[in-house]
Amino acid sequence: MPASLTRAQAQISNAEVLQLAQQAPTILRKNPKAFSSSPLSFLFTSTESIELWTIYENLLLSCLRSGDDEAAHQCMERLVTRFGNDNERIMALTGLVKEAQASNHNELEKVLAEYDDILKENTANIPITKRRAALLRSMGKTTESIAAINSLLEFTPTDAEAWAELADLYLSQGLYAQSIHALEEVVVLTPNAWNIHARLGEIMFMAANQGSENSSQKYLAESIKRFSRSIELCDDYLRGYYGLKRVTDKLLSEEGKSKNQSEDNAFQLPARATIEKLNQVATAKLAEIVRRSGANEPQWQGYNEAEIAAARALLDKSSDVIR
């Protein structure tokens, strides 16, 4: 059984998705076709496990991503047989299958109407609420999607996934302050998530390029803190070092501007000597990651190829490249 079938779908690459979809007929043939939804069914079989249903769900999603509708339906049938049509997660997966197979805007509108009908009966159906928000976004109804997620967060304020999606929606509209606020909520809920700290640093860096001088300094100071925290939590995180080099490159290239400090000490930029040291650390680490990953050294695999290419390009532009 492929190990990727037990991983989160977001962690499965497109190449792995295609491989899984190609193996779907074999995997389905080797595993039980159906289980009863009776709570006593486990007494009559020793093959059912939580892992099995995770496999079926991941296989379903992989088949949808690759366009294998037949295998996707087989996975869906087994999940429905086991858990029933009234299970909230099954309802969301059923809706996802309909979304994936919709061939035009009108069919997507019908799926959206079905979500609305389900929520009229049960406004607390979280999986359907999330699918509705995702569908609204995919249909270009960004404002409605933002409203849907805000409504969701009113009764599930500790949903980090929803806050992260809201942050991304705000960012897509150029609403940096709102996006930063939403992502800060994610940091409160997941304080050790180094990728979220780095993402927050990226958005603050973008906001710094759009605001006034004072607000720019505030965002740059916070961006440095976020990137620094990211690499403190994960000392091999490429995006953290990449972001830290970008922001320190910008500050070092703006001669004299960093001396015009804000009156608010909370957002005061570090001394130039500190910025230079941070830049040197980021440059050296990026160079090491690019070199060792490119040499296929053990323990240095798994980096995204596009991110490695971006890091290499950034290093090529810098006069401080360590070779």
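## Buried and exposed

A residue is called buried when its relative accessible area is under 20%. By that cut-off, 41% of the 323 residues in this protein chain are buried. The model is a predicted one.

## Overall fold

What kinds of secondary structure does the protein chain contain, helices or strands? It has 14 helices and zero strands. Read along the sequence, the pattern is α-α-α-α-α-α-α-α-α-α-α-α-α-α.

Now take the contacts between residues at least 6 apart in sequence. Of these, 58% join residues at least 24 apart.

## Helix α1

Helix α1 covers residues 14-30, which makes 17 residues. From its first C-alpha to its last it reaches 24 Å. That is close to the 24 Å expected at 1.5 Å a residue.

Where does α1 kink? The kink lies at Gln-23, shortly before the proline Pro-25, and is about 50°. The helix also has buried residues: Val-17, Leu-20, Ala-21, Ala-24, Ile-27 and Leu-28.

## Ser-151 in helix α7

Helix α7 spans residues 142-155, and Ser-151 lies in it. Why does Ser-151 count as partly exposed? Its relative accessibility is 39%, so Ser-151 falls in that class. The class lies between the buried limit, under 20%, and the exposed limit, over 50%.

Conventions
Residues are numbered from 1 along each chain as its sequence is written. This is a predicted model: local features need pLDDT of at least 70, side-chain atom pairs count only at pLDDT 80 or more; totals for chains, interfaces and linings use all residues. Side-chain values use heavy atoms; hydrogens and water are left out. Helices (H or I, at least four residues) and strands (E, at least two) are DSSP runs, numbered from the N terminus. Buried means under 20% relative accessible area, exposed over 50%, partly exposed in between (1.4 Å probe, protein chains only). Contact means heavy atoms within 4.5 Å. The expected span of a helix is 1.5 Å times one less than its number of residues. The bend at a residue is the angle between axes fitted to the seven residues ending there and the seven starting there.
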